[in-house]
Amino acid sequence: MAQKQSIQALFEKGAKLAKAGDLNGAAKQFRLIVKSNPKVAEAQFQLGQIAARQGDGIEAINRFATAYKLRPNEPGVVAAYAGALHQAGKDDAALTIYDKLIALRPTDAKPRADKAFLLQRTGLFDAAEVEFRAALANDPHDGELYRVFLATKKLDADDPLINSMKTAWTSVKLNDRARANLGYALAKVMEDTEQYDQVFKYLDPANALMANAFPFKMSARKAEIDTICQLFEDWTPPVLDRTTKAQPIFIAGLPRSGTTLIEQILASHARVTGGGELAIALKLAYQTIDFENGGKMPAPKAITDLGFAYDKELRARIGPHDIATDKSIQTYMVMGLMHLAIPGAKFVIVKRDPRDVGLSIYKNYFAAGTHRYATDLRVIGQYIALYERVIAFWKARIPDAIYEVAYEDLIAHPQDETRKLVAACGLDWDEACLNFHQTEREVKTLSLHQVRQPIYASSTNAWQRYEKELAPLVKALEEGECL
């Protein structure tokens, strides 16, 4: 068939199908091209793109590798190959390909930025800084670059980059997204250089821009929590005939409360694999109770199936494991159901002074469209109150399954609290848990720099510096969930 049709016609048909979302149909066209002539780099590249969109990382790497061999100087091919290698955790290989891309596009900020992000996430902060600064020299108006770089770097007060940031802040070239990113970065610089009276000068406009782009309805969040609490208010847990042997450690809490630190400590244990934010439990639990249609009590078999479905997806994500952490913080919404579905599961809840939590939430940029409540101090306070309501709800029903660790206690007494945490998770003591900052694993959250450092106390009571600015937050916390 491929001999009767021109490669161009097949390519055009494949591109049209891919654009329409028919990835399987598109792949069929590109495979016909490759079958006829495997040296058509464009077809190999498109098959790699399709594989990446379908989550087949190995196929994506193989296709991009082939395209790269055929077109080693094509920037788009090189960039896709490097990205696929990084997604697959082949970071050393990805760095080599990024260097090739940088050589091809020396004045382009993006290749250096991508390399810098990779180095940063793996804890190579000095090497990342070199690339970040080079990228910013190529594009001094990239607000996101400043923000991501400075998440793991404290500038000296006389660093010339600060003037570059202030100049960019006044530029008409900035769109709202870049300005918001730059605002968060400048606020951090002001705090790092102890210019505390200047922090909210940049922080408030940045959050206002984010609030405008991603509005939040507190009523919808309250309705979600009302549904969960009403559904399980008088629930008598059924006795199940069979259960999974999975042993996940769920780590939950508010954003910026210390959950990443707790996971890093536990993931340093010889028996524990760090899973990160897997986002499995809440999705499966909501499907089990048919949440979208108002919610209903799940039958015993549905609960059993939930446990096995979670374990299957967990293993698919991180491979064979003994014990794995799952730091999907929203798991607290369905702790009771997950406890029943997976009896071997542990639940660690991280507590922290809500004023420090609220401040940290307000100071940080979250991925576009997530944590929409985070742009208004009063709303943050209400959100925290709703969170505390859910925690109290489940503690009253499964008190023996939940272990709470106070962030402030961990900071003040790291050895004692770490030992208690490890024991609460049913683990023997491992000295590596005290040296968590030396554990080599990729961290993708906002706390990626903190978990590479020994425990320090500067993050406690930080809210006191901004008591006046935080008045709306404090008032909302005192009022509770007054909506």
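Is Cys229 buried or exposed? Select it: Cys229 has 5% relative accessibility, so it counts as buried. Buried means under 20% relative accessible area, exposed means over 50%, and partly exposed lies in between, with a 1.4 Å probe and protein chains only.

Before moving on, note that this is a predicted model, in which local features need pLDDT of at least 70, side-chain atom pairs count only at pLDDT 80 or more, and totals for chains, interfaces and linings use all residues. Residues are numbered from 1 along each chain as its sequence is written, and side-chain values use heavy atoms, with hydrogens and water left out.

**Cysteines**

Stay with the cysteines. Searching the whole structure gives zero disulfides, a disulfide being a pair of cysteine sulfur atoms within 2.5 Å. Now pick Cys425. Its nearest cysteine sulfur belongs to Cys433, 9.3 Å away. Cys425 is buried too, at 5% relative accessibility.

**Strands**

Next, select residues 249-253, strand S1, and residues 346-351, strand S4. Helices (H or I, at least four residues) and strands (E, at least two) are DSSP runs, numbered from the N terminus. S1 and S4 run parallel and are joined by five bridges. Strands pair if DSSP finds at least two bridges between them. Zoom in on Gly253: its bridge partner in S4 is Val350.

Find Ile349 and look across to Glu404 in S5, which stands opposite.

**Salt bridges**

The structure holds 26 salt bridges. Each is a side-chain nitrogen of Lys or Arg within 4 Å of a carboxyl oxygen of Asp or Glu.

Start with Lys115 and Glu131, which meet at 3.3 Å, N to O. Lys115 sits in helix H7 (residues 109-121) and Glu131 in helix H8 (residues 125-138), so the pair ties together parts 16 residues apart in sequence. Both Lys115 and Glu131 are buried.

Which residue forms a salt bridge with Lys327? Select Glu277; the closest N and O atoms are 2.9 Å apart. Glu277 is in the loop between strand S2 (272-274) and helix H15 (281-288), while Lys327 is in the loop between strand S3 (323-326) and helix H17 (335-341), 50 residues apart. Lys327 is buried, at 2% relative accessible area.

Last stop: Glu313 and Lys283, with closest N and O atoms 2.9 Å apart. Glu313 lies in helix H16 (residues 300-318) and Lys283 in helix H15, so parts 30 residues apart in sequence are tied together. Lys283 is partly exposed, at 37% relative accessibility.
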